[in-house]
Structures are given as structure tokens and as C-alpha cells.
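The sequence and structure are shown first.

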Amino acid sequence: MNKNRKAVVLLSGGLDSATALAIAAAKGFDCYAMSFDYGQRHRFELEAAKTIAEKLGAVKHLVLPVGLGDIGESALTADIAVPKTRSDTDIATGIPVTYVPARNTVFLSCALAWAEALRAPDIFIGVNAIDYSGYPDCRPEFINAFERMANLAIKAAVEGNIRIHIQAPLLYLTKAEIIKKGMALGVDYSITHSCYDPSPEGLACGQCDSCRFRKKGFAEAGLDDPTHYAKK
Ligand code: ZN
């Protein structure tokens with residue numbers, strides 16, 4: 001398999017990135033998990049990322065400060081209300097205010113820097129283009145373009161020492177398929193955090209896009225949803 005082959009794995013603390021880490025670990029990679037303190041409005045996902053990295057056996061977990069909050073323009077970093085109970089039609093059209101400007105480009109660029117330093121040819125990212133909010137930096141076109149750019153951008157690739165592969169194993173899976181795959185690999189989803197607008201105690205709202213995709217995923221997979229929801 002991939003024994004002694006290193007991979008950088010982007011880990012937000014949510015359901016998808018936890019599954020991507022479990023997949024990379026199951027493929028035999030030595031996993032270097034990377035999270036970002038990017039000015040998100042709550043800390044619960046970073047706490048979740050730490051626990052997940054430990055439980056899934058990451059060799060190292062790096063939390064990098066990247067001040068996207070100073071740029072604002074997103075409901076996840078600025079004082080803008082997170083949309084709740086959107087209709088399926090609304091979710092299927094347009095890009096909501098929870099989009100963070102250029103987030104995955106910034107995150108993948110940081111992962112690329114670490115990958116070059118580590119001589120890690122593989123970068124895992126848990127993006128998904130099926131059950132998602134339509135963010136442009138979650139689409140296959142973006143992932144393919146970034147991979148091409150990465151191999152033009154870094155010294156280690158230009159000198160022929162590594163070739164970067166952006167691995168997006170969840171790209172074409174439904175949320176239910178992602179959950180089933182993760183459960184088969186032993187992911188404990190009760191420790192993952194997906195909600196965009198949790199209570200002060202860290203309980204999920206159950207109504208934002210992220211909560212709704214997650215709920216639907218567990219329902220369609222026919223599995224109990226271990227998420228801790230706030231009582232209404
Ligand atoms: Zn929520």
C-alpha cells in the first residue's frame with residue numbers, strides 16, 4: 001500500500017474531513033492533519049479537529065493561523081446571519097453567504113507548502129460536489145486546476161522530486177455514502193462538528209445548510225444521528 005508515504009490531510013473538524021482522514025489512514029498513509037484558525041466565529045470545530053486527529057492516528061496535527069476573519073464578507077467569519085431552513089430549491093441555486101472568499105484556495109495553498117516541506121506527494125481534502133451548498137471551490141474543475149497549478153508552483157515538483165496529487169475521495173459521494181464509508185472505517189461522528197451556528201455550548205442548530213445535509217445523510221443511510229442538537 002502506501003507505507004511510509006506521507007499525506008497532508010485538511011481537517012476542519014466536520015464530518016467530511018474526518019472521513020477523508022479515515023480514508024487516507026486506511027490507505028496506509030502517514031497522515032499530517034492540518035486545520036486553520038481562520039477567524040471562524042466559534043471554536044468548536046477546532047476542538048473537534050484536535051480530537052479527531054488523535055483518534056484517527058494522525059502523525060501530527062498542525063493548526064495554522066490564517067486571518068480570513070479580517071477580510072470578512074462571510075457569515076462564517078463576520079457578523080452576518082447564517083441562513084436557516086432554506087428550501088431545497090434555494091440550496092440548489094446560487095452561492096449562499098456562508099461561502100468564505102477563496103477559502104479552499106488558501107487552505108490548499110497552505111497544505112501545498114507543508115506537503116513540499118514534508119515531501120508528501122498527496123494532499124487529501126474532503127470536498128463534495130453532490131450534497132453541498134454550491135461553493136465553487138468544492139467542484140472537480142477547481143480541484144483539477146489546483147493540482148495542475150501545484151505541480152507548476154513548487155520547487156520539489158519542478159525539480160522532479162515529487163508530483164502532487166490532490167485527493168478528493170468524497171467528491172462524487174452523497175452524504176449518506178460518505179457516512180457509511182466513515183462508519184465502516186470506525187469514524188465516531190459524535191465527535192465531529194458540522195453546524196455553522198452552534199449554541200454557546202456547542203450544540204448544533206439543526207437548521208443551517210450544514211446541519212440539514214448532515215441530518216439527511218444519516219436518515220438516508222438509515223443510521224442513528226449522533227449529533228448533539230440544541231433543544232428548540
Ligand atoms: Zn446548524
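## Chain and secondary structure

The model is predicted. Its chain contains eight helices and five strands. In sequence order these elements follow the pattern β-α-β-α-β-α-α-β-α-α-β-α-α.

## Dimensions and packing

A compact globule of 232 residues would have a radius of gyration near 17 Å, and the chain agrees because its own value is 17 Å. The C-alpha trace spans about 55 × 40 × 30 Å along the principal axes.

Of the 232 residues, 52% are buried. Among contacts with a separation of 6 or more, 75% join residues 24 or more positions apart.

## Surface and charge

The chain has an accessible surface of about 10800 Å², and carbon and sulfur atoms account for 52% of that area. There are 26 positive and 26 negative charges, and their mean positions lie 4 Å apart.

## Helix H1

Helix H1 covers residues 15-26, twelve in number. The distance from its first C-alpha to its last is 17 Å, close to the 16 Å expected at 1.5 Å a residue. After H1 comes Gly28, which has a positive phi near 95°.

H1 is mostly covered, with ten of its twelve residues buried. The buried residues are Leu15, Asp16, Ser17, Ala18, Thr19, Ala20, Leu21, Ala22, Ile23 and Ala24. Their cover includes strands E1 (6-10), E2 (30-37) and E4 (122-124). Helices H2 (44-55), H7 (175-184) and H8 (209-221) are also part of that cover.

Definitions and conventions:
Residues are numbered from 1 along each chain as its sequence is written. This is a predicted model: local features need pLDDT of at least 70, side-chain atom pairs count only at pLDDT 80 or more; totals for chains, interfaces and linings use all residues. Side-chain values use heavy atoms; hydrogens and water are left out. Helices (H or I, at least four residues) and strands (E, at least two) are DSSP runs, numbered from the N terminus. The expected span of a helix is 1.5 Å times one less than its number of residues. Buried means under 20% relative accessible area, exposed over 50%, partly exposed in between (1.4 Å probe, protein chains only). Contact means heavy atoms within 4.5 Å. The radius of gyration is taken over C-alpha atoms; the globule rule is 2.2 Å times the number of residues to the power 0.38. Accessible areas come from the Shrake-Rupley method with a 1.4 Å probe; for residues, only the protein chains shown count as cover. Lys and Arg count as positive and Asp and Glu as negative; His and the chain ends are not counted. The place of a charge is taken as NZ of Lys, CZ of Arg, CG of Asp or CD of Glu.
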